[in-house]
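Please open the structure in your viewer and keep the sequence panel beside it. The tour below moves from one selection to the next and says what can be found at each stop.

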Amino acid sequence: ATFVIDSFLGRGLKEVCSSATTLTGTQRIPDAYGALRILATHPKVDPARVALMGFSHGGILTMGASTAWAKETFAPAGRPAFRAFLAFYPWCNIVYPERERISGPVRIHAGELDDWTPAVPCARLAQQLRGSGQDAVVTIYPGAHHSFDNIGHALRHLPNVANGANCAFQVASILGPFPPSSEVAKCLRKGATTAWSPEATEQERRNVRAQLAELLK
């Protein structure tokens, strides 16, 4: 079963790609845990076997929701929590203390040629988490761009999107304070490449099925 969360309509938003501050992934974390509380009431859903999956901006949400901080904040005292987290091409360029502890297995899927949400910082994060004994794995798909699993989506350049691929921030908390706009402007640029990769999509589907079978058993 799947449950799709729309974080935009209720906020009067159509997109968040043109401005990085319109809505953050952290601001969407309550959306995910609120949806889980709804799902937990469904008689055909096992609340102990629900995974959170997000793509791009939703991948940022997924990474934030995977922190132990998020579970302790939004699923305290025995409330339903996510069993696993699957993040697809998230932005891993910001470092904060809360991300050093995760509440469940994390599986990151990223494209080698992603020039919007680069794979290397995510690989670095997964390595750091594994180094502290936690379950985090990143799969990088050769020759794949951002949104590589968007079927039929031809290679194109999006000139007006905000791109923080060259940014790298360290903040005191997932809640901030965040760098001033003047500092962000120094590394932020416009434009990014997206493209469907049939090969990466096929491999990703096999990987995800295997990961869900393992993590939700």
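Begin by selecting Cys-92, which counts as buried, since its relative accessibility is 4%. Before going further, please keep in mind that this is a predicted model. Cys-92 sits in the loop between S2 and strand S3 (94-95), while Cys-122 belongs to helix H4, so the pair ties together parts that are 30 residues apart in sequence. Cys-122 is buried as well, with a relative accessible area of 0%. If you look along the S-S bond, the angle about it is 90°, and the link of Cys-92 and Cys-122 is right-handed.

## The other cysteines

How many disulfides does the count come to? The count comes to two disulfides, and the next selection is therefore the pair that remains, because a disulfide is a covalent bond between the sulfur atoms of two cysteines. Select Cys-167 and Cys-187, which form a disulfide with their sulfur atoms 2.0 Å apart. Cys-167 lies in the loop between strand S6 (156-163) and strand S7 (169-170), and Cys-187 lies in helix H5 (residues 181-187), so this pair ties together parts that are 20 residues apart in sequence. This link of Cys-167 and Cys-187 is right-handed, with 100° about the S-S bond. Cys-167 counts as buried at 3% relative accessibility, and Cys-187 counts as buried at 17%.

When the bonded cysteines of the chain are numbered in sequence order, the pairing reads 1-2, 3-4. Cys-17 is in no disulfide, and the nearest cysteine sulfur, that of Cys-167, is 15 Å away from its own. Selecting Cys-17 shows a residue that counts as partly exposed, with a relative accessibility of 34%.

## Helix H2 and what surrounds it

Next, select residues 57-65, which make up helix H2; eight of these nine residues are buried, so the helix is largely enclosed by the rest of the structure. The buried residues are His-57, Gly-58, Gly-59, Leu-61, Thr-62, Met-63, Gly-64 and Ala-65. Which elements do the buried residues of H2 pack against? To see them, show helix H1 (25-39), strand S1 (51-55), helix H3 (68-74), strand S2 (84-88), strand S4 (106-111) and helix H4 (119-131).

## The nonpolar cores

With those elements in view, turn to the largest nonpolar core, which has 35 residues; Ile-29, Tyr-33, Ala-65, Phe-82, Phe-85 and Val-106 touch the most other members. H1, H2, H3, S2, S4 and H4 each supply at least two residues of this core, and the largest share, five residues, comes from H1. Centre the view on Ile-29 and, leaving aside its neighbours within four places in sequence, look for its contacts with Leu-61, Gly-64, Ala-65, Trp-69, Ala-70, Phe-74 and Ile-174. A second, separate core of eight residues can then be selected through members that include Leu-86, Phe-88, Phe-148 and Val-208.

## Thr-194 in strand S8

Move on to strand S8 (residues 189-194), where Thr-194 is found. Is Thr-194 buried or exposed? At 3% relative accessibility, Thr-194 counts as buried. Show side chains here, and the side chain of Thr-194 can be seen making a polar contact of 2.9 Å with the side chain of His-153. Beyond its neighbours within four places in sequence, Thr-194 is in contact with Trp-116, His-145, His-146, Ser-147, His-153, Ala-154, Leu-155, Arg-156 and Leu-158.

## Stepping back to the whole chain

Finally, zoom out and colour the chain by secondary structure, which brings up six helices and eight strands. Read along the sequence, they follow the pattern α-β-α-α-β-β-β-α-β-β-β-α-β-α. The C-alpha trace spans about 45 × 40 × 40 Å along its principal axes. For 217 residues, a compact globule would have a radius of gyration near 17 Å, and the chain, at 17 Å, agrees with this. Buried residues make up 48% of the chain. Among contacts between residues at least 6 apart in sequence, 80% join residues at least 24 apart. If you end with a surface view, the accessible surface of the chain comes to about 11200 Å², and 56% of this belongs to carbon and sulfur atoms.

How values were computed: Residues numbered from 1 in each chain as written. Predicted model: local features only at pLDDT ≥ 70, side-chain atom pairs only at ≥ 80, totals over all residues. Heavy atoms only, no water. Buried < 20%, exposed > 50% of the residue type's maximum accessible area, 1.4 Å probe, protein only. Helix = DSSP H or I, 4+ residues; strand = E, 2+ residues; numbered from the N terminus. Contact = heavy atoms within 4.5 Å. Disulfide = S-S within 2.5 Å. Core = buried A, V, L, I, M, F, W, Y, C linked by side-chain atoms within 4.5 Å. Polar contact = N/O pair within 3.5 Å; in protein donor to acceptor, adjacent residues only side chain to side chain. Rg over C-alpha atoms; globule rule 2.2 N^0.38 Å. Areas by Shrake-Rupley, 256 points an atom, 1.4 Å probe, with all protein chains shown as cover.
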